[in-house]
Amino acid sequence: MNEKSPTYRLASMDVFRGFVMFLMMAEVLEFCRVSAGLPSSWFWGFLCWHQSHVEWTGCSLHDMIQPSFSFLVGTAMVYSMKNRAASGVTFSKLFLQVLRRSLILILLGIFLRSMGATQTNFTFEDTLTQIGLGYTFLFLISYLTVRWQWIWFAILVVGHWLAFALYPLPGTGFDYAAAGADPNWQHNLTGFAAHWNKNTNFAWAADQWIMNIFPTEKTFQFNEGGYSTLSFIPTLATMLLGLFGGRILQSELTPMEKAKKFVIWGVVGCVAALLVHFLGICPIVKRIWTPAWVLWSGGVCFLFMALFYWIVDIKNVRKPFFWLQVIGMNSIAAYVLAHTVIQFIHSSMQTHFGQGYDTILGDAYASLLRGGVMLLVQFWVLYWMWKREVFIKI
């Protein structure tokens with residue numbers, strides 16, 4: 001729906017959200033194509049790596065898009081629920097609104113993933129579907145005491161860890177090819193950490209049942225990237241961390257005390273993740289959203305939050321980030337634009353300026369020019385909406 005912007009918004013959170021959405025939108029720049037055309041350039045190689053997902057363990061900047069977006073959903077819920085409660089909306093009405101929002105997020109994710117397909121692509125590892133699957137649970141947990149919220153966070157993280165840890169490792173005669181796995185893959189983990197290897201884990205086994213409930217062109221056997229439906233459970237834990245962050249923002253602490261708390265929580269989360277990773281207790285793997293990934297990505301999100309909150313709201317430096325605020329205030333519109341109109345923009349440019357309009361700077365920079373045009377058009381649409389106070393909210 002379209003609605004007017006609220007009278008007060010925390011600018012730093014809009015900037016943070018805009019930064020995350022811009023990282024997603026900027027995929028059209030295809031830095032890896034530029035890097036391939038300029039193989040001797042460390043600069044483009046560096047940008048390529050950070051615009052790609054790591055193969056399995058570890059983290060690039062690109063890997064932080066989904067957890068940051070999920071984290072901010074939790075932060076936004078604190079403000080959303082407070083505003084609705086203040087307006088006198090009953091719990092039952094709120095609950096129905098949340099159920100509706102969850103369903104829309106799931107269906108929108110499926111719709112966008114099905115574009116260009118021959119039939120509906122029922123897949124649930126997408127950012128929107130993952131958030132949608134956990135959103136109602138986030139709402140219910142938000143009504144509990146802080147103590148019980150932390151208890152649920154622990155249940156989600158430890159329970160997910162146990163499910164993987166107790167699932168048996170591949171035995172003799174295991175058909176790795178049928179699972180889309182390779183026993184000699186260089187990124188395979190050894191020892192106890194092998195319980196979190198690609199497509200031989202608990203989530204992969206669960207998806208062989210879950211995904212085949214829905215109509216498919218062929219029987220589901222594995223996700224090529226190792227992603228899974230059940231990642232929505234630890235994603236809910238990430239959203240809870242965002243909820244805790246929102247509680248801090250609304251607390252009586254001074255702005256600097258809030259920023260310091262974000263830094264402390266961020267450092268603790270990252271250190272704890274590295275500890276369990278290098279001890280072999282649980283690896284940091286974004287693709288299956290391991291508990292170590294919850295801690296690592298949550299820690300990084302708190303550090304991002306501290307940075308943006310300190311610069312934008314404490315130091316009041318806003319003008320350089322205006323363009324990110326425009327994107328962040330219309331994140332759903334930005335998400336949909338990035339998944340729907342880019343090919344239309346490209347084909348339109350070819351129609352009006354020629355097939356090779358993007359090669360005027362040389363073949364190596366074609367994706368950069370092409371993607372830059374796509375980004376400018378998308379931003380123009382978002383700016384047009386911002387000027388007219390049109391904000392898409394589910």
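The structure is a predicted model, in which local features need pLDDT of at least 70 and side-chain atom pairs count only at pLDDT 80 or more, while totals for chains, interfaces and linings use all residues. Residues are numbered from 1 along each chain as its sequence is written, and side-chain values use heavy atoms, with hydrogens and water left out. The structure holds seven salt bridges and one disulfide.

**Terms**

- A salt bridge is a side-chain nitrogen of Lys or Arg within 4 Å of a carboxyl oxygen of Asp or Glu.
- A disulfide is a pair of cysteine sulfur atoms within 2.5 Å.
- Buried means under 20% relative accessible area, exposed means over 50%, and partly exposed lies in between (1.4 Å probe, protein chains only).
- Helices (H or I, at least four residues) and strands (E, at least two) are DSSP runs, numbered from the N terminus.

**Salt bridges**

- Side chains of opposite charge can pair when their charged atoms come close.
- Among the salt bridges is that of Glu 30 with Arg 33, with an N to O distance of 2.7 Å. Arg 33 is exposed, at 53% relative accessibility, whereas Glu 30 is partly exposed, at 26%.
- Another salt bridge pairs Asp 358 with Arg 370, at 2.6 Å from N to O. Asp 358 lies in the loop between α14 (342–353) and α15, and Arg 370 lies in helix α15 (residues 366–387), so the pair ties together parts that are 12 residues apart in sequence.
- Both partners of this pair are buried: Arg 370 has a relative accessibility of 14%, and Asp 358 has one of 6%.
- Glu 125 is buried, with 15% relative accessibility, while Arg 113 is partly exposed, with 36%.

**Cysteines**

- The disulfide joins Cys 32 and Cys 48, with an S to S distance of 2.0 Å. The link between Cys 32 and Cys 48 is right-handed, with 90° about the S-S bond.
- Cys 32 is partly exposed, at 31% relative accessibility, whereas Cys 48 is buried, at 16%.
- Cys 59 takes part in no disulfide, and the nearest cysteine sulfur, that of Cys 270, is 8.9 Å away. Cys 59 is partly exposed, with a relative accessible area of 22%.
- The cysteine sulfur closest to that of Cys 301 belongs to Cys 270 and is 9.4 Å away, too far for a bond. Cys 301 is buried, with a relative accessible area of 0%.

**Positive phi angles**

- Glu 30, a residue other than glycine, has a positive phi near 45°. Glu 30 is placed in the loop between α1 (11–25) and α2 (31–37).
- Trp 289 is not a glycine, yet its phi is positive, at about 50°. Trp 289 lies in the loop between α10 (255–278) and α11 (291–314) and is buried, with a relative accessible area of 2%.
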